[in-house]
Amino acid sequence: MTTVAAMSAPDVVLRYLTGLSSADVDGVLACVSDGFFNEHTSSLGSSCTGQDTYAGRLPGFLGQFDGLAYEVVDSITERHHDGSDRVAVRYRMTAAFDGHPIDIPGVMLFEVVDGLIARRTDVWDSQTFLRQTGAA
């Protein structure tokens, strides 16, 4: 098996999203750095810093969604001047939440440093989620 550190930035991001889609907490955590910053711009999301903090929150998040899947619609990768890579992924997240089917489009922006995700910014519309779950 290829270690994450030996993978290209887009491959690390894809492995991360595959881990989320299969509720593989260890697989997701293998893709992020110790100082990982998980930023959410949605009013329903909350940000956190640190792999350990993320590890504590991830099972609860994944446990809320039956059949969770992230489909990559499009992606762009660029090498930044500091040697890190930036990967932007347009996605569709599908799942069931409390018995309600959801289909949420969004964009994740990743910063990959030394083969690990150092930062993820997730941009999605809370109102779409609330409408689809009957909470709006």
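## Getting started

Strands here are DSSP runs of E at least two residues long, helices are DSSP runs of H or I with at least four residues, and both are numbered from the N terminus. Val123, for instance, has its place in strand β6.

What you're looking at is a predicted model, where local features need pLDDT of at least 70, side-chain atom pairs count only at pLDDT 80 or more, and totals for chains, interfaces and linings use all residues. Residues are numbered from 1 along each chain as its sequence is written, and side-chain values use heavy atoms, with hydrogens and water left out.

## The sheet and its helix

Let's begin with the sheet. Six strands make up an open sheet with mixed pairing, and their order is β2-β1-β6-β5-β4-β3. Two strands count as paired if DSSP finds at least two bridges between them. The edges belong to β2 (48-49) and β3 (65-79), and each has a single partner strand, so one side of each is left without a neighbour in the sheet. Helix α1 (residues 9-21) packs on the sheet and touches β1, β3, β4 (85-97), β5 (100-113) and β6; contact means heavy atoms within 4.5 Å. The direction of α1 makes about 170 degrees with that of β3, using lines fitted to C-alpha atoms (for helices, over the stretch in contact) and angles that run from 0 to 180 degrees between N-to-C directions.

Setting aside neighbours within four places in sequence, Thr49 touches Gly35, Phe36 and Phe37. Ser126 comes 77 residues away from Thr49 along the chain, and their C-alpha atoms are 22 Å apart.

## Strand β6 and its partners

On one side, β6 (residues 116-124) runs parallel to β1 (residues 32-40), and five bridges join them. Glu39 has Thr121 as its bridge partner in β6, while His40 stands opposite Asp122.

With β5, β6 pairs in the antiparallel sense, over eight bridges. The hairpin of these two strands has two residues between them, and Asp114 takes a positive phi near 50 degrees there. Val107 has Val123 as its bridge partner in β6.

## Salt bridges

How many salt bridges does the structure hold? There are five, each being a side-chain nitrogen of Lys or Arg within 4 Å of a carboxyl oxygen of Asp or Glu. One of them joins Arg119 and Glu39, at 2.8 Å from N to O. Arg119 sits in β6 and Glu39 in β1, so this pair ties together parts that are 80 residues apart in sequence.

Another links Arg92 and Asp103 at 3.0 Å, N to O. Since Arg92 lies in β4 and Asp103 in β5, the pair ties together parts that are eleven residues apart in sequence. Then there's Asp85 with Arg79, whose closest N and O atoms are 3.1 Å apart. Asp85 counts as buried at 17% relative accessibility, whereas Arg79 is exposed at 57%. (Buried means under 20% relative accessible area, exposed over 50%, and partly exposed in between, with a 1.4 Å probe and protein chains only.)

## A nonpolar patch

Val107, Leu109 and Val123 form a nonpolar patch on the surface, with about 190 Å² of accessible area together. Patch residues have over 30% relative accessible area and no salt bridge; nonpolar side chains (Val, Leu, Ile, Met, Phe, Trp, Tyr) are joined within 5 Å, and like charges within 9 Å. The areas come from the Shrake-Rupley method with a 1.4 Å probe, and for residues only the protein chains shown count as cover. Val123 itself is partly exposed, at 35% relative accessible area.
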